[in-house]
Amino acid sequence: MVQPRVPRTGAVFLDPRGEDRSLRVTWHEESQLVVLSLWRDNVCAGTFRLAADEVPDLIALLRRGLDQAYDAARERVERAETPSRAG
C-alpha cells in the first residue's frame, strides 16, 4: 500500500470556540499551493487551494489587519491613561 505524502510544512490553528474546530494550513511545494482546510472533530469540512503566487497578497492583508488592530488597541490604552480635560 502506498502511503500519501504528508507535507513537511504546515500548522494547525485551534478555534477559540472549541468543539474541536481547527484550521490546518499545509504547503504543497510540488504543486505550488497552500491548502487551507477547516476541520471539526477530525473531519475535514472544506478546503481552499491558494496558489503560491497569491500568498503574498494574503500575508499583506493579514498584516494590515493586525496593524490596524494594534493601532486601535494603542489608542484605547492612550485614552484610558490620559486624564479627562472636561469639567
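Tutor: Start with a cut-off: a residue counts as buried when its relative accessible area is under 20%. This is a predicted model, and the part to look at is strand β1, residues 9-14.

By that cut-off, β1 is hardly covered. It has six residues, and the count of buried ones among them is zero.

Now the partner. β1 pairs with strand β2, residues 21-28. The sense is antiparallel, and the pairing runs over six bridges. Take one of them: threonine 9 has tryptophan 27 in β2 as its bridge partner. In a regular strand, side chains alternate between the two faces of the sheet.

Next, the link between the two strands. β1 and β2 form a hairpin with six residues between the strands. Glycine 18 in this hairpin takes a positive phi near 80 degrees.

Charged side chains come next. Aspartate 15 and arginine 17 meet in a salt bridge, at 2.7 Å from N to O. Arginine 17 is exposed, with a relative accessible area of 58%. Glutamate 19 forms a salt bridge with arginine 21, and here the closest N and O atoms are 3.8 Å apart. That pair counts because the cut-off is within 4 Å. Glutamate 19 is partly exposed, at 49% relative accessibility.

Now leave the hairpin for the helix. Helix α1 covers residues 55-81. Within it, arginine 74 forms a salt bridge with aspartate 71, with the closest N and O atoms 2.9 Å apart. Why do these two sit about one helical turn apart? They are three residues apart in α1, so about one helical turn separates them. Both ends are partly exposed: arginine 74 has 44% relative accessibility, and aspartate 71 has a relative accessible area of 35%. Elsewhere, salt bridges that share partners join Glu19, Arg21 and Arg40 into one network. The protein's count comes to five salt bridges.

The protein has one helix and four strands. From the N terminus, the order is β-β-β-β-α. Among contacts with a separation of 6 or more, residues 24 or more positions apart account for 4%. The accessible surface comes to about 7,700 Å², and 56% of it belongs to carbon and sulfur atoms.

Note on methods
Residues numbered from 1 in each chain as written. Predicted model: local features only at pLDDT ≥ 70, side-chain atom pairs only at ≥ 80, totals over all residues. Heavy atoms only, no water. Buried < 20%, exposed > 50% of the residue type's maximum accessible area, 1.4 Å probe, protein only. Contact = heavy atoms within 4.5 Å. Areas by Shrake-Rupley, 256 points an atom, 1.4 Å probe, with all protein chains shown as cover. Pairing = 2+ DSSP bridges.
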